[in-house]
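The following exercises are to be worked through with the sequence and the structure at hand. Each task is followed by a solution in steps.

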Amino acid sequence: MNETVLVRDPLVFLLALAACCWSTVAAAATWNSPLVFIGVPPALAFMAIAGSAGGLIVQPPVVTRRTMIALTVAFAFIATCATIAISAIPTFAFIKDVEPAVGGILAFFAQTLVPAARARLTREVSGQGATDQASGGSP
Amino acid sequence: MTNFIGWFAALVAGVTGLAMLQDALAMPLIRSVRGVAQHWARLAALIMITASALVLVVFPSERTATGYEVMLRVALASFMAMQSPCPWWRYVLQGLHRPKARKVVL
């Protein structure tokens, strides 16, 4: 019966709800971003978002609003992850110094690169790529 | 509370800037030096607004502002939202295309 006490008293319920909302809002507005903990610097995130938003220039925006917002976030995410992953390769360690620029470039061209990579992967998986057969695919 | 207001202003500026960017790109280009310069200046400003605002949304610890600066941001973000067609959330989430009335077929 203890769990119904809070709901039965409207004043207590409202106060608890207000306190809950207040603490949530206060925590949400001052939290340290988990992206920092993961290892995403703010400069890289800025350039990735700017690149994916600027990439709309080269691609006519024929999609709906929600699709565009989702694609912008997705391309920024892909560019950020790709930049961090590439800079972790020892040969490409020099990218660490120019991570934001690389992220911006990748995000700008992500609208072209992602569908192209997808088509290429589909061809590779179905055995019609240029690397495992003499015919088909690009030279 | 100031923190939340500043964060919310950044969110409003980010999504409004992204929506305005899509509309600016769909707009017919005026073929003159002034028109082209205006177009690219608008695109650059909207990209900067969107990127910086969305970075502040996902990195709230980067926001360091005094109360007056937060007031300035809120005023600018609300002014920007007021430039959009009236139901702001519909402009951001659906665009200018209103749902057409269903045609009744008897």
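**Exercise 1.** Determine which residues of H5(A) and H6(A) meet, and how the two helices are oriented.

*Solution.* Step 1: in this predicted model, the H5(A) side of the contact consists of Phe75(A), Ala76(A), Ile78(A), Ala79(A), Thr80(A), Ala82(A), Thr83(A) and Ser87(A). Facing them in H6(A) are Glu99(A), Val102(A), Gly103(A), Leu106(A), Ala107(A), Ala110(A), Gln111(A) and Val114(A).
Step 1: sorted by class, the residues of the contact of H5(A) with H6(A) comprise ten nonpolar, five polar and one charged.
Step 2: the two axes come within 8 Å and cross at roughly 125°. An angle between 115 and 145 degrees is neither roughly perpendicular nor roughly antiparallel; H5(A) and H6(A) are therefore oblique to each other. Their crossing is right-handed.

**Exercise 2.** Decide whether Phe75(A) is buried or exposed, and identify its contacts.

*Solution.* Step 1: Phe75(A) is located in helix H5 of chain A.
Step 1: the cut-off for a buried residue is 20 or more other C-beta atoms within 10 Å. Phe75(A) has 25 C-beta neighbours inside 10 Å and so counts as buried.
Step 2: when residues up to four places away in sequence are not counted, Phe75(A) touches Ser52(A), Gly55(A), Ala107(A), Ala110(A) and Gln111(A).
Step 3: the C-alpha atoms of Phe75(A) and Gly51(A) are 8.9 Å apart, while 24 residues separate the two in sequence.

**Exercise 3.** Describe how H4(A) packs against H6(A).

*Solution.* Step 1: the axes of H4(A) and helix H6 (residues 99-125) of chain A are 7 Å apart, at an angle of about 25°. Because angles under 35 degrees count as roughly parallel, H4(A) is roughly parallel to H6(A).
Step 1: the crossing of H4(A) with H6(A) is right-handed.
Step 2: H4(A) contributes residues including Ala43(A), Leu44(A), Met47(A) and Ala48(A) to the contact. Among those from H6(A) are Glu99(A), Pro100(A), Ile105(A) and Phe108(A).
Step 3: the contact of H4(A) with H6(A) holds eleven nonpolar, five polar and one charged residues.

**Exercise 4.** State how many residues the largest nonpolar core has, and which elements supply it.

*Solution.* Step 1: the largest nonpolar core has 39 residues. Those with the most contacts inside it are Ala45(A), Ala48(A), Ile49(A), Ala53(A), Ala107(A), Ala51(B) and Val55(B).
Step 1: at least two residues of this core come from each of H4, H5 and H6 of chain A and from each of helix H1 (2-26) and helix H2 (33-58) of chain B. H1(B) gives the most, with ten residues.

**Exercise 5.** Characterise the contact between chain A and chain B.

*Solution.* Step 1: chain A provides 23 residues to the contact and chain B provides 25 residues.
Step 1: on the side of chain A that touches chain B, helix H2 (10-30), helix H4 (42-54) and helix H5 (65-87) each supply at least two residues. H4(A) makes up the largest share, with seven residues.
Step 2: by class, this side of chain A has 15 nonpolar, six polar and two charged residues.

**Exercise 6.** Summarise the secondary structure of chain A and the extent of its burial.

*Solution.* Step 1: chain A has six helices and zero strands.
Step 1: of its 139 residues, 22% count as buried.

Technical notes
Residues numbered from 1 in each chain as written. Chains lettered and ligands numbered in written order. Predicted model: local features only at pLDDT ≥ 70, side-chain atom pairs only at ≥ 80, totals over all residues. Contact = placed C-beta atoms within 7 Å. Helix = DSSP H or I, 4+ residues; strand = E, 2+ residues; numbered from the N terminus. Nonpolar A, V, L, I, M, F, W, Y, C, P; charged D, E, K, R; others polar. Axes fitted to C-alpha atoms, helices over the stretch in contact; angles between N-to-C directions. Parallel < 35°, antiparallel > 145°, perpendicular 65-115°, else oblique. Left-handed = near helix turned anticlockwise from the far one by under 90°. Core = buried A, V, L, I, M, F, W, Y, C linked by C-beta atoms within 7 Å. Buried ≥ 20, exposed ≤ 12 C-beta atoms within 10 Å, placed from the backbone.
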